[in-house]
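Have the viewer open as you read.

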Amino acid sequence: MLVAPSILSADFGNLARDVAAICDAGCDFVHVDVMDGHFVPNLTIGPVVVESVAKVATKPLDIHLMVEDNNFFIDLFAPLKPEFISFHIESERHANRVANKIKEFGIRPCVVLNPHTPIESIEYLLEYLDMVLLMSVNPGFGGQKFIPNVVEKAARLKDLVLRKNPECLIEVDGGVSDVNVGELKRVGVDIVVAGSYVFKHKDGVGAAIKSLKV
């Protein structure tokens, strides 16, 4: 299992320290949650802060847009050359166009599905994607409880991926811990995002990341 700690749960007063710590501890990606206060009821960070994160990180950035104007934010963050840029299917009427735009920047496009959004909504988009991110909480805030039926949803998505685009990765974000990561691995999830579990783990970020690498 690949692990992408979400810096939403890091100590923003010591952000460089925390980003360096998760990279040194063996994470695979640094997950960056970008929220606009409209698509979700929260505001997080912009490109100036993420540029500083990119300078410290020794692992690729995984940028998750929770915004209404995807094109605007893609233009802001694409110059930072993250590995992935993810956008929500619920906020985009022209998803194919946006996925191709991300790819034109040399970045791997990903679509995100909220917990209630059916996987059928992206059946004819999968061939253009490098990853699908399933939210296992309602987006907007860290520290929420994992929604169990996302395991079944991930299993169904895996079947669809194998038929449509076997190279497409599956990522799950929200409430992930050592309690549920085994189930996610079993149904074919490739990457897990964990924020509170990693940064607030009683034995430190290294122990947390190691426990997720099942």
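Which residues of strand β8 point one way, and which the other way? Keep in mind that this is a predicted model.

## Strand β8 and its side chains

Strand β8 covers residues 191–194. I191 and V193 point one way, while V192 and A194 point the other way. Whichever way they point, all of these residues are buried.

## Who pairs with β8

β8 has a parallel pairing with strand β1 (residues 2–5), made over 4 bridges. If you want a spot to look at, take P5: its bridge partner in β8 is A194. So much for β1; now for another partner.

Strand β7 (residues 169–173) also pairs with β8 in the parallel sense, over 3 bridges. Here V172 stands opposite V192 of β8. To get from β7 to β8, the chain goes through helix α6 (residues 181–186), and this β-α-β crossover is right-handed.

## A charged network around D18

Now to the charged side chains. There are 7 salt bridges in the structure. One of them joins D18 to R17, with the closest N and O atoms 2.9 Å apart. Bring in D11 and you have a network: D11, R17 and D18 are linked by salt bridges.

R17 comes out at 48% relative accessibility, so it counts as partly exposed.

## Two other pairs

D75 and K101 also meet through their side chains in a salt bridge, at 3.1 Å from N to O. This pair links distant parts of the chain, with D75 in helix α3 (residues 70–77) and K101 in helix α4 (residues 95–104), 26 residues apart. D75 is partly exposed, at 43% relative accessibility. K101 sits at 19% relative accessibility, which means that K101 counts as buried, since the cut-off for buried is under 20%.

Finally, look at D203 and K202, whose side chains form a salt bridge with an N to O distance of 3.1 Å. K202 is exposed, with a relative accessible area of 73%.

Technical notes: Residues are numbered from 1 along each chain as its sequence is written. This is a predicted model: local features need pLDDT of at least 70, side-chain atom pairs count only at pLDDT 80 or more; totals for chains, interfaces and linings use all residues. Side-chain values use heavy atoms; hydrogens and water are left out. Buried means under 20% relative accessible area, exposed over 50%, partly exposed in between (1.4 Å probe, protein chains only). Helices (H or I, at least four residues) and strands (E, at least two) are DSSP runs, numbered from the N terminus. Two strands pair if DSSP finds at least two bridges between them. A crossover is right-handed if, with the strands pointing away from the viewer, the path from the first strand over the helix to the second runs clockwise. A salt bridge is a side-chain nitrogen of Lys or Arg within 4 Å of a carboxyl oxygen of Asp or Glu.
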